[in-house]
Amino acid sequence: MQVIDTLAWPPSALAAIEEQRVEIKRLREGLARMFVGDPKICFGATSAPSAVSATASHEGSASPWPKADGVVSILETGSQKQRDVAVEYKRQHEGIHGLLTAIGQAQGYIHKGYNGAAIVIPSQYPSHSTPADYVKGVLDMIGTSGPIGVFRYDAPDTSSAVPFANRIHCVRPFELSTSSASAVSPVGRPKTQWVHMREGSTTR
């Protein structure tokens, strides 16, 4: 294992890392709000529970490879069953070559034991105007692609306390694997504090 001494990094590099960390955190929170506001996005129109709560976090340091960019844990209010969604987040500077990588990574998270995976990519790239539609089309061609959702996002409003509010859009809903609880190792589970949303509460 290589140890990287971040103390030797220039301040600009450390600032960029912190900015990226905060951006991913806000993105996860935005997804959690979407799932609570409309559970049909990840449960299907006929199987969605009447109420859910959700929390956004990340995998623990002991969690084995592959590691997701984030985790959204969804708790069914009635049954108290928890479902975990792995988040694969692609940034604008990664370019379109990351689209196929995202598809493979999402399938890897399902194989790892997550109940579902969410691919979140920019609404546009300079070289591709509808990347989310492309990813959806590829997944739709794969009969056993698994419970993988596709989302596109517009540039976040960095001046807002909720920078991704109304800027994440669902392109491909998915149905979480509900046959059993998440098989992700408890060592890798995030420590979470559940926030419950009542009917009629805002998720923005």
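Trainee: Which residues touch the most other members of the largest nonpolar core?
Mentor: A nonpolar core is a set of buried Ala, Val, Leu, Ile, Met, Phe, Trp, Tyr and Cys residues joined through side-chain atoms within 4.5 Å, where buried means under 20% relative accessible area, exposed over 50% and partly exposed in between (1.4 Å probe, protein chains only). The largest has 25 residues, and those touching the most other members are Leu31, Phe35, Val72, Ile74 and Phe151.

Trainee: Which element gives the most to this core?
Mentor: Helices (H or I, at least four residues) and strands (E, at least two) are DSSP runs, numbered from the N terminus. Elements giving two or more residues include strand E2 (70-76) and helix H1 (11-37). With seven residues, the top giver is H1.

Mentor: A caution: this is a predicted model, so local features need pLDDT of at least 70 and side-chain atom pairs pLDDT 80 or more, while totals for chains, interfaces and linings use all residues. Residues are numbered from 1 along each chain as its sequence is written, and side-chain values use heavy atoms, leaving out hydrogens and water.

Trainee: Why are the buried residues of H4 on the same side?
Mentor: In helix H4 (residues 131-141), the buried ones are Pro131, Ala132, Val135 and Leu139. They sit on the same side because their arc around the axis (from directions to the C-beta atoms) is only 100°.

Trainee: How many disulfides are there?
Mentor: A disulfide needs two cysteine sulfur atoms within 2.5 Å. The sulfur of Cys42 is 9.1 Å from the closest one, in Cys170, so that's too far for a bond. The search of the whole structure finds zero.
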